[in-house]
Amino acid sequence: MTTDLFPEAKVRGEARLEEIQALLVAHFGKSAEREVRDPLTQLIYSMLASRTKTEDSEQVLRELRVRFGDWEGLRDAPVGEIERAIEAVTFAEQKALRLKLALVGITARYGSLTLDFLAKYRTEKIRAWLEGFEGVGRQVSAAVVNFSTLRRRALCVDAHHLRVTQRLGLTARADAGVTEERLMRLVPESWTAEMLDEHHALVKRLGQTVCGFELPQCGECPLRGVCATGAKRLKQG
Ligand code: SF4
């Protein structure tokens, strides 16, 4: 991704992200290796996963495979049956319909139910293609291109990532798409897709454990020395 930052700002931003990453690795250790899925399976998972606990989304994905056999079986099932099968995730009714429409739409547009053909496209073209389906926004398209076998450079900004980076003062309040764009301007050019995946995983873990939605535990946070919000809260006692 090109940058429109002044060179000094770019250097400062890169150094800050490098420091944050090093502090998170020192605190949590390296993340467990991700199960890298094919793009279609990752899309299904990511469409299920928003605002749902990771373990619940993983369990539902496993159950879908058992219940429907393959993704064509899921595509061809009535929406009501899909909804019942995914009732453990949030907004199951809406997600069931969007999932069905996406799977039917992929088949109609490509001729069969696969996303492997996306590998020959540029990253932004892949993301635009995916975002043509209802329920697929910047967060889901980033997850598909970054976490799956496509392994492209993109930063999946979920609710945890959004909250933590705003508290850090890395980005101003904005939606996931704008936040990703701003953060990617700060990401060192040397960071690979795998490094961006790890950065996402570590920031998410911080958000789940220390920098929670209601009460951030700044005194126990590995980023307290580099965080605008943490500095203010710790000063106030
Ligand atoms: S110092 Fe506090 S606000 Fe900042 S990232 Fe850590 S827990 Fe969140």
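Reader: From which domains does the lining of the largest pocket draw at least three residues each?
Author: This is a predicted model, in which local features need pLDDT of at least 70, side-chain atom pairs count only at pLDDT 80 or more, and totals for chains, interfaces and linings use all residues. Residues are numbered from 1 along each chain as its sequence is written, and side-chain values use heavy atoms, with hydrogens and water left out. The chain is divided into two parts, with bounds taken from an automatic or database domain assignment. At least three lining residues come from each of domain 1 (7–32 + 157–236) and domain 2 (39–147).

Reader: What distance separates the centres of domain 1 and domain 2?
Author: The two domains touch, with 10 residues of domain 1 and seven residues of domain 2 in the contact (heavy atoms within 4.5 Å). Taken over C-alpha atoms, the separation of the centres of domain 1 and domain 2 is 28 Å.

Reader: How much space lies in the largest pocket?
Author: On a 1 Å grid over the protein atoms alone, a pocket is an open set of points with protein on both sides within 12 Å along at least five of seven lines, a cavity is a set where a 1.4 Å probe fits but cannot get out, and lining residues have an atom within 4 Å of a point. Points are joined across faces, edges and corners, and a volume is the space filled by probe spheres set on them. For the largest pocket, this space is about 1400 Å³.

Reader: Which helix gives the largest share of the lining of the largest pocket?
Author: The lining has 49 residues, and those nearest the centre of the pocket are Phe147, Cys156, Asp158, His200 and Lys204. Two or more lining residues come from each of helix 2 (39–49), helix 3 (54–68), helix 6 (92–110), helix 8 (138–147), helix 9 (159–168) and helix 11 (193–209); helices are DSSP runs (H or I, at least four residues) numbered from the N terminus. With nine residues, the largest share belongs to helix 11.

Reader: Which helix gives the most to the lining of the second largest pocket?
Author: The second largest pocket holds about 270 Å³ of space. Its lining consists of Arg51, Ala159, Leu162, Arg163, Gln166, Arg167, Arg173, Phe213 and Thr229. Five lining residues of this pocket come from the greatest contributor, helix 9.

Reader: What is the volume of the largest cavity?
Author: The count of cavities of 30 Å³ or more comes to one. The largest cavity has a volume of about 120 Å³.

Reader: Which helix supplies the largest share of the lining of the largest cavity?
Author: There are 15 lining residues, and Cys211, Pro216, Cys218, Cys221 and Cys227 are the closest to the centre of the cavity. Helix 9 and helix 12 (228–236) each supply at least two residues of this lining. The largest share, three residues, comes from helix 9.

Reader: How far apart in space are Thr149 and Thr52, C-alpha to C-alpha?
Author: Thr149 is placed in the loop between helix 8 and helix 9. Apart from its neighbours within four places in sequence, Thr149 is in contact with Val36, Arg37, Asp38 and Pro39. Thr149 and Thr52 are 97 residues apart in sequence, while in space their C-alpha to C-alpha distance is 23 Å.
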